[in-house]
Amino acid sequence: MQFKLTTIYYVLVAIVSIIPYPWWYYSVGGIVTIEDSPFQVLIYFLGTRLILSDVLTFLLTAFRLYVFVVAVGYAFQSMRGNPKVYSTMFWFPVLYVLDPILIYVLFKFIPQLLGVPIQYPFFIWGTETFTSSFKGNQVIAEVISYPTLIYWFALGTAILYPFSRWEIRASTRKARQH
């Protein structure tokens, strides 16, 4: 097999796409909990999953199937010596580090639009405390934010992508020289 790294990359992308677990976990004092990935969003409020998260996950399931089908098809193409380039699953884990920043926007600015001032750290990885004063009462909540093991697996898979591209380019250059 000529394109081993490329084939392995696409097989791993297919595996990552069908794993039904979140990439990142957030909790704000246990009141709001969010578990998300590019393929699902689970939002809980006081322990009850919101219907909005079911709708979002339903829509993202179509994307999950798309990524799976493309990855499997491209793995077969690579095994046949005709590799294709699909960078989406490289960019998702790399850019997913921005996820805590999106959560920051959600928890920092939306409550302020509602007149609730919140002191929320810009980037949380682990456990932090945030505070807010509302109508003379001070609220203190523990915020937990961390990537899951599945995220690290997806990021590890993404690391293969540049090597896959190099493998394809090297083969193309070699073919042109002959």
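Two strands are said to pair if DSSP finds at least two bridges between them. Helices (H or I, at least four residues) and strands (E, at least two) are DSSP runs, numbered from the N terminus. The model is a predicted one, in which local features need pLDDT of at least 70 and side-chain atom pairs count only at pLDDT 80 or more, while totals for chains, interfaces and linings use all residues. Residues are numbered from 1 along each chain as its sequence is written, and side-chain values use heavy atoms, with hydrogens and water left out.

**Overall organisation**

- The protein contains 5 helices and 7 strands.
- Along the sequence, these elements follow the pattern α-β-β-β-β-α-α-α-β-β-β-α.
- Of the 178 residues, 40% count as buried, where buried means under 20% relative accessible area, exposed means over 50%, and partly exposed lies in between (1.4 Å probe, protein chains only).
- Contact means heavy atoms within 4.5 Å. Among contacts between residues at least 6 apart in sequence, 54% join residues at least 24 apart.

- Thr 33 lies in strand β2, which spans residues 32-37.
- Thr 33 counts as buried because its relative accessibility is 12%.
- Leaving aside neighbours within four places in sequence, Thr 33 is in contact with Tyr 25, Tyr 26, Ser 27, Leu 42, Ile 43 and Tyr 44.

- β2 pairs with strand β3 (residues 40-45) in the antiparallel sense, over 6 bridges. Ser 37 has Gln 40 of β3 as its bridge partner.
- The hairpin formed by β2 and β3 has 2 residues between the strands.
- β3 in turn pairs with strand β4 (residues 48-49) in the antiparallel sense, over 2 bridges. Phe 45 stands opposite Thr 48 of β4.
- Leu 46 is placed in the loop between β3 and β4, and the hairpin of these strands has 2 residues between them.
- Most residues other than glycine have a negative phi. Leu 46, although not a glycine, has a positive phi of about 50°.
- Leu 46 counts as exposed because its relative accessibility is 57%.

**Packing of helices α1 and α2**

- Two packed helices are described by the angle between their axes and the distance between the axes.
- Helix α1 (residues 4-18) and helix α2 (residues 51-79) pack at an angle of about 160°, with their axes 8 Å apart. Axes are lines fitted to C-alpha atoms, for helices over the stretch in contact, and angles run from 0 to 180 degrees between N-to-C directions.
- α1 and α2 are therefore roughly antiparallel to each other (angles over 145 degrees count as roughly antiparallel, under 35 as roughly parallel, 65 to 115 as roughly perpendicular and the rest as oblique).
- The residues making this contact include Thr 6, Tyr 10 and Ser 17 of α1, together with Arg 64, Val 67 and Phe 68 of α2.

**Ser 17 in helix α1**

- Ser 17 is found in helix α1 and is buried, with a relative accessible area of 0%.
- Not counting residues up to four places away in sequence, Ser 17 touches Phe 39, Arg 64, Val 67 and Phe 68.
- Ser 17 and Ala 154 are 137 residues apart along the chain, and their C-alpha atoms are separated by 8.8 Å.
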